[in-house]
Each structure stands twice: as C-alpha cells, then as structure tokens.
Amino acid sequence: QVQLVESGGGLVQAGGSLRLSCAASGRTFSSYSMGWFRQAPGKEREFVAAISWSVGSTYYVDSVKGRFTISRDNAKNTVYLQMNSLKPEDTAVYYCAAQNTPWTGLFSVRGYEYDAWGQGTQVTVSS
C-alpha cells in the first residue's frame with residue numbers, strides 16, 4: 001500500500017505561481033504512474049496531469065497546458081506540480097493519486113482508475 005502526502009498549497013494572486021509536492025511512501029514501484037486531480041467547490045473532481053515514474057512521460061488536461069508542469073524525483077519518491085500563470089478558476093483542492101499497476105503507455109484520467117490518494121492541499125487564486 002502506498003501512502004501519499006501533498007504539500008505546497010496556499011493563497012496566491014492571479015498570475016502567480018505555486019509548486020505542489022506529493023511524497024510517496026510505503027509500497028512504491030518505479031513502473032507506476034502518478035496523477036494530480038483537483039476539485040473546486042460544487043464541482044466534480046477533475047483530472048489535471050499525470051506522469052509515469054519510469055520514463056517521465058506526461059499528460060495534461062487542455063486547460064493547464066503551457067502553464068502547469070508535472071515532474072518527478074525518483075530518488076525522493078516525490079512528484080511535483082509546478083503551476084504558473086495561475087487563474088482564479090484554478091482554485092480547488094488538489095489531490096495526488098497513484099496507480100498500483102504498471103504503466104502501459106496510456107494515462108488514466110478517471111479517478112476510479114487510481115488506487116491511492118493523498119489528503120489534498122488547498123490552492124486559492126485571488127483575482
């Protein structure tokens with residue numbers, strides 16, 4: 001079982017930047033993939049980005065392409081989400097998630113396809 005702990009959320013003005021971290025512990029595997037999701041008040045959880053631990057391939061939802069960057073540090077078992085040019089509509093609780101099956105080359109964008117979740121970190125972007 002893998003445990004995930006997010007950090008790095010906070011309050012930032014529109015146009016600003018934040019970097020979220022997700023530290024994984026327990027039963028981690030280098031062949032897994034990791035994802036970031038977010039959920040705004042009154043809205044459904046939304047896929048944001050994903051990365052494969054092994055080759056570092058990435059995938060993003062269109063609304064964050066060019067602004068967000070997902071990366072990983074295998075030695076630290078940590079995944080990051082660098083968020084630049086933040087907009088008020090990026091305000092949400094951000095969650096990292098892990099799959100416990102080897103990455104097949106395709107990324108999952110549905111939350112139910114992930115097996116472990118962090119507790120979430122709040123990101124608030126003021127206008």
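Ring pairs join Phe37, Phe47, Tyr59, Trp103, Phe107, Tyr114 and Trp117 into a cluster, where rings of Phe, Tyr and Trp (its six-membered ring) pair if their centres lie within 6.5 Å. The model is predicted, so local features need pLDDT of at least 70 and side-chain atom pairs count only at pLDDT 80 or more, while totals for chains, interfaces and linings use all residues. Residues are numbered from 1 along each chain as its sequence is written, and side-chain values use heavy atoms, with hydrogens and water left out.

**Aromatic pairs**

- The count comes to 7 aromatic pairs.
- Phe47 and Tyr59 form a tilted pair, 5.8 Å centre to centre with 35 degrees between the planes; planes under 30 degrees apart count as stacked, over 60 as edge-to-face and the rest as tilted.
- Phe47 lies in strand β5 (residues 46-52) and Tyr59 in strand β6 (residues 58-60), so this pair ties together parts that are 12 residues apart in sequence. Strands (E, at least two residues) are DSSP runs, numbered from the N terminus.
- Phe47 is buried at 7% relative accessibility, whereas Tyr59 is partly exposed at 39%. Buried means under 20% relative accessible area, exposed over 50%, and partly exposed in between (1.4 Å probe, protein chains only).
- The charged end of Arg45 sits over the ring of Phe37, 5.9 Å from its centre; the criterion is CZ of Arg or NZ of Lys within 6 Å of the ring centre and within 35 degrees of the ring normal.

**Strand β5 and its neighbours**

- Of the 7 residues of β5, 6 are buried, so the strand is largely enclosed by the rest of the structure.
- β4 and β5 run antiparallel and are joined by 6 bridges; strands pair if DSSP finds at least two bridges between them. Phe37 has Phe47 in β5 as its bridge partner.
- The hairpin of β4 and β5 has 6 residues between the strands, and Gly42 in the turn has a positive phi of about 75 degrees.
- β5 also pairs with β6 in the antiparallel sense, over 3 bridges, and the partner of Ala49 in β6 is Tyr60.
- In the hairpin of β5 and β6, 5 residues lie between the strands, and Gly56 in the turn has a positive phi of about 80 degrees.

**Nonpolar cores**

- The largest nonpolar core has 30 residues, and those with the most contacts inside it are Leu4, Trp36, Leu81, Met83 and Tyr94. Such a core is a set of buried Ala, Val, Leu, Ile, Met, Phe, Trp, Tyr and Cys residues joined through side-chain atoms within 4.5 Å.
- Elements giving two or more residues to this core include β1 (2-7), β3 (18-26), β5 and β11 (121-126).
- Apart from it lies another core, of 6 residues, among them Phe37, Phe47, Ala97 and Tyr114.

**Salt bridges**

- The whole structure has 4 salt bridges, each a side-chain nitrogen of Lys or Arg within 4 Å of a carboxyl oxygen of Asp or Glu.
- Arg38 meets Glu46 at 2.7 Å, N to O; Arg38 is buried at 6% relative accessibility, and Glu46 is partly exposed at 28%.
- Asp90 forms a salt bridge with Arg38, with the closest N and O atoms 2.9 Å apart. This pair links Asp90 in the loop between β8 and β9 to Arg38 in strand β4, 52 residues apart.
- Asp90 is buried, with a relative accessible area of 0%.
- Asp62 and Lys65 form a salt bridge at 3.0 Å between the closest N and O atoms; Asp62 is exposed at 62% and Lys65 partly exposed at 49%.
- Salt bridges that share partners join Arg38, Glu46, Arg67 and Asp90 into one network.

How values were computed:
Helices (H or I, at least four residues) and strands (E, at least two) are DSSP runs, numbered from the N terminus.
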